Structure formats: structure tokens, C-alpha cells
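This report describes the architecture of one protein chain for a reader who is new to structural description. Please keep the sequence and the model in view while reading.

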Amino acid sequence: MTTRWLTSEEQRAWRAYIAATHLLEDAIDRQLQQDAGMPHLYYSILANLSEVPDRQLRMTDLAEKTKITRSRLTYAVSRLEKDGLVRRENCKWDGRGSIAALTDEGMAVLERTAPGHVETVRASLFDHLSEDQVGQLEEICAQIAGALDEGGSRPTPDEVPWRRRSAPPCS
């Protein structure tokens with residue numbers, strides 16, 4: 001197979017993307033550590049739980065939404081559970097499965113932290129873009145995500161742990 005090397009323009013775009021994403025993730029992590037004592041991943045777990053009915057998700061579904069391995073999610077949820085922000089329950093439908101549920105205290109932390117988080121995202125990203133560029137960013141990211149998630153290069157469940165399904169959803 002012949003290597004398809006990046007052109008000079010592609011190389012510049014790639015490096016700019018890497019620099020921007022690393023700096024953005026660092027800015028978000030610093031804000032969340034300062035305001036809530038938690039990394040971005042933990043905030044994302046709370047946010048995902050806050051957006052679903054009954055503020056609870058099966059752990060495998062939460063792993064898929066946050067794009068992390070089940071073992072990494074288990075560790076993160078254990079830490080959040082220790083802080084009283086998340087509660088883990090057995091799945092009523094499948095005895096092998098478990099559910100992560102956002103507690104009232106977790107919701108309060110999320111509500112208290114969200115304004116600073118949104119301001120950091122706005123100041124770090126959107127304040128530097130025109131309205132047209134915001135639309136382009138959405139279009140570009142959606143195209144990339146769609147190609148990776150649904151295209152011919154979509155990983156199999158064995159390659160991507162958060163896609164594994166062992167049982168039907170809990171009810």
C-alpha cells in the first residue's frame with residue numbers, strides 16, 4: 001500500500017487542529033477544576049445524565065455517549081459516586097447491567113458549574129469566530145464525525161469498547 005502523505009496545506013491544517021483542540025481542552029479542564037474540582041470528562045458524564053429521562057443511563061450507553069471505555073467510565077462514576085453526584089443502581093431488566101443516575105446534588109453541581117463552563121467555551125472558541133465560521137465549524141465537524149461513525153472506516157464493536165452491547169436496554 002502506498003502512503004498518501006499530507007500536502008503542505010493539509011499538514012498546516014492538521015497541526016492547527018491539534019494545537020487548537022489541545023489548548024481548548026486545557027482551558028475547559030482548568031475552568032472545571034477551578035469551579036467544580038473535576039475534569040471535563042466528569043462534567044460530561046453529569047451533563048449527559050442531566051439530558052436524559054429520569055437523569056439515568058445504562059453504563060454501556062453512557063460509555064458510548066462519552067466515547068470512553070467501560071473501565072474508564074466505571075472509575076469515573078465511582079469517583080462521582082463517592083462525591084455523592086452520581087448513584088449506581090442495578091438494571092431492573094438485566095441483572096448483569098448497571099445504571100448511572102444523576103443525584104440531586106450532582107444536578108446542583110452541574111447547574112452551578114454550567115455558566116462558567118459555557119463562558120469558557122464561548123471565550124475560548126466562539127468569540128473568535130464569525131457567524132459564518134460557526135456554521136462552517138459545525139458542518140466540518142459533523143462531516144468528520146459522520147464519516148468516522150457511519151462510513152466504511154467505522155470500527156467494529158471489538159475495536160471500540162463503548163459500542164459493545166451485551167444486553168437490551170434497561171427499563
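## A pair of facing residues

In this predicted model, E89 stands opposite I99, a residue of strand 3. The two strands concerned, strand 2 and strand 3 (residues 98-102), are joined by 5 bridges and run antiparallel.

How many strands form the open sheet, and in what order? There are 3 strands, arranged in the order 1-3-2, and the pairing is antiparallel. Strand 1 (56-58) and strand 2 (86-90) are the edge strands, each of which pairs on one side only. From one strand to the next, the twist averages 25 degrees.

In general terms, the strands of a sheet pair through backbone hydrogen bonds, and the pairing may be either parallel or antiparallel.

## A helix across the sheet

Which helix lies across strand 2 and strand 3? This is helix 4 (residues 70-82), and its direction makes an angle of about 120 degrees with strand 2.

## The chain as a whole

The chain contains 6 helices and 3 strands. Read from the N terminus, its elements follow the pattern α-α-β-α-α-β-β-α-α.

Of the 171 residues in the chain, 30% are buried. The accessible surface amounts to about 11,600 Å², and carbon and sulfur atoms account for 53% of this area. Considering contacts between residues at least 6 apart in sequence, 56% join residues at least 24 apart.

Terms used. Residues are numbered from 1 along each chain as its sequence is written. This is a predicted model: local features need pLDDT of at least 70, side-chain atom pairs count only at pLDDT 80 or more; totals for chains, interfaces and linings use all residues. Side-chain values use heavy atoms; hydrogens and water are left out. Helices (H or I, at least four residues) and strands (E, at least two) are DSSP runs, numbered from the N terminus. Buried means under 20% relative accessible area, exposed over 50%, partly exposed in between (1.4 Å probe, protein chains only). Contact means heavy atoms within 4.5 Å. Accessible areas come from the Shrake-Rupley method with a 1.4 Å probe; for residues, only the protein chains shown count as cover. Two strands pair if DSSP finds at least two bridges between them. Axes are lines fitted to C-alpha atoms, for helices over the stretch in contact, and angles run from 0 to 180 degrees between N-to-C directions.
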